[in-house]
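Here is a report on one chain and its ligands.

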Amino acid sequence: MKTYLPPKFLVERDMDRCIRCKVCINQCSFDTHYYDEEDDQIQSIIGNCVGCHRCMTFCPTQAITIKKNQHQYRDNYNWRPEIIEDIIKQAETGGVILTGMGDDKGQTIYWDHLVLNASQVTNPSIDPLREPMELTTYLGSKPDKIELDGERNLKTLLPPQVKLDVPIMFAGMSYGAVSLQVQESLARAATEAGTLWDTGEGGLHPSLYKYKNNTTVQVASGRFGVHPKYLDVARVVEIKIGQGAKPGIGGHLPGEKVSAEVSSTRMIPMGTDALSPAPQHDIYSIEDLSQLVYALKEAVNYSKPISVKIAAVNNSAAIAVGMVKAGADIIVLDGLRGATGAAPKIIRDNVGIPIEMALASVDSRLRKEGIRNHASLVISGGIRNSGDVAKAIALGADAVYIGTAALIALGCRLCQQCHTGKCAWGICTTDPLLSKRINPDIGSRRLVNLLHAWSIELQEMMGGMGINALESLRGNRLQLRGIGLTDSELAVLGVRMAGD
Ligand code: SF4
Ligand code: SF4
């Protein structure tokens, strides 16, 4: 059927600069460029371009510019261009519109409406270049009180703790959704930076067992790749109940991405769709969740924290209380702007709540119940820079996960084509030729650099506040003020208005 959709991007080629090297043809996995022998020129089929910037980045003479196709529709606030185009797509395919990456609809990003404090005359600032600044974070349940013996040694037996050198971990991105080279880059970077990476729900390839001290493994509803060795090599075991990009629905890895290696890692037949059910079929109550938490604690001999991840939804605070009472050592909240390899667009853009609101309400509720110390609180879903990290810690998070930011560091340009498996940057693909575009030596270096840069910035911000340990910023909402927010929004965030 002929499509009625106009091209989204224009490909402009400066013919004076183009040396016909054909790099663009080789780099584009969406078959946009071709060589026209008759004219001895490279031509482009602009309707194929998804705006991933791969060809533009690698063109040796900077001959290519990718521009948004600014075709005009008659102004109509109800029938906006995207809505019209989605209807055209569905009229042509008869199917659910799938998409990759996170919600891009512009709901309020509360991080941009929060500002951090800085010391001036009293409580002077600290110079992070000259004074030690502590970013170390321990994840895991903490006891209500501790006892020391006569020699001031700790007498209380602590539940298992995980030490992070930086309060930033890499979010779960499964093998199959991303390439093995991406996972290796994340695992190596986490090991070097003293933090954790997360397998996501696709099992763990044996070549990555060596990163065991820095690996969180997921147990999701599909139970893909869950076996004794998998639990044995984990530093943290994470039960995945929900995901911010698609709360309330399951996962779907299309059969085309289930290669021989993906199939053996996930323990499913090659080429079959990997469907994780929406619910965990053995969890219908907090008591059921508790049984799985304690089954996993038994399986790992109570030696590692058990984490439970949910999507941020209306009643996250009440659910979080139940999760802590069910024995979770770490609670993970994944917000509305969290990314995905593939999700129905309508769910991604319309279900869930912003992570800032979920974090503030969960932290407050756990404090009110007197159980905040029983579990660490980790958040994810749209953390973009160290400013967001500092604000998240001040709002009550112990640590954050980054997913999209890590992929951008590896090359991702948010073209939202992850579900096609054709990622030109070699990230969201299992195609062996495309996957090779990520070199774990280079990828891990880029990720370590990112964490290092954010750590320095965090220390600068803490120093400015006169704080020399992250522990003093955690849940310290007095260090935050709101701008351009309503009284109700400030009340949920538990933050005062700027100037107050
Ligand atoms: S899809 Fe990417 S690589 Fe292909 S033409 Fe567009 S920007 Fe270039
Ligand atoms: S991972 Fe690849 S396919 Fe997905 S948004 Fe990024 S560049 Fe596009």
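Of the 15 residues around ligand 2, those that come nearest are C412, C415, C418, C423 and I427. A residue is near a molecule or strand if its C-beta atom, placed from the backbone, lies within 6 Å of it. Sorted by class, the ligand 2 shell holds 11 nonpolar, three polar and one charged residues. Here Ala, Val, Leu, Ile, Met, Phe, Trp, Tyr, Cys and Pro are nonpolar, Asp, Glu, Lys and Arg are charged, and the others, Gly among them, are polar.

This is a predicted model: local features need pLDDT of at least 70, side-chain atom pairs count only at pLDDT 80 or more, and totals for chains, interfaces and linings use all residues. Residues are numbered from 1 along each chain as its sequence is written, while chains are lettered from A and ligands numbered from 1 in the order in which they are written.

Ligand 1 is surrounded by 15 residues, and the closest are C28, T32, C49, C52 and C55. Helix α2 (residues 54–58) gives the largest share of this shell, three residues. Helices (H or I, at least four residues) and strands (E, at least two) are DSSP runs, numbered from the N terminus. The two shells compare as follows.

| Shell | Nonpolar | Polar | Charged |
|---|---|---|---|
| Ligand 1 | 10 residues | four residues | one residue |
| Ligand 2 | 11 residues | three residues | one residue |

Next, the domains. The domain assignment gives domain 1 (9–95) and domain 2 (137–497). Such bounds come from an automatic or database domain assignment. The C-alpha centres of domain 1 and domain 2 are 35 Å apart. Nine residues of domain 1 and seven residues of domain 2 take part in the contact. Two residues are in contact if their C-beta atoms, placed from the backbone, lie within 7 Å. On the side of domain 1 that touches domain 2, four residues are nonpolar, four polar and one charged.

Now the sheets. Eight strands form an open sheet in the order β9-β19-β18-β16-β15-β12-β11-β10, and the pairing is parallel. Strands pair if DSSP finds at least two bridges between them. β9 and β10 (197–198) are the edge strands, each pairing on one side only.

Buried means 20 or more other C-beta atoms within 10 Å of the residue's own, exposed means 12 or fewer, and partly exposed lies in between; C-beta atoms are placed from the backbone. Strand β9 (residues 168–170) runs parallel to β19 and is joined to it by three bridges. M169 stands opposite Y401 in β19. Strand β18 (residues 376–380) also pairs with β19 in the parallel sense, over two bridges. There, I379 stands opposite V400. β18, helix α11 (residues 386–395) and β19 make a right-handed β-α-β unit. Right-handed means that, with the strands pointing away from the viewer, the path from the first strand over the helix to the second runs clockwise.

Another open sheet has three strands in the order β6-β20-β21, with mixed pairing. β6 and β21 (496–497) stand at its edges with a single partner strand each, so one side of each has no neighbour in the sheet. β6 and strand β20 (residues 480–482) run antiparallel, joined by three bridges. L116 stands opposite L480 in β20.

Last, some single residues. Most residues other than glycine have a negative phi. M101 is not a glycine, yet has a positive phi of about 65°. M101 lies in the loop between β5 (98–99) and β6 (114–116). M101 counts as buried because 25 C-beta neighbours lie inside 10 Å. L414, also not a glycine, has a positive phi of about 55°. L414 sits in the loop between α12 (404–410) and α13 (432–435). With 17 other C-beta atoms within 10 Å, L414 is partly exposed.

Y294 lies in helix α7 (residues 286–299). Y294 counts as partly exposed because it has 14 C-beta neighbours inside 10 Å. Y294 and P305 are 11 residues apart in sequence and 11 Å apart in space, C-alpha to C-alpha.
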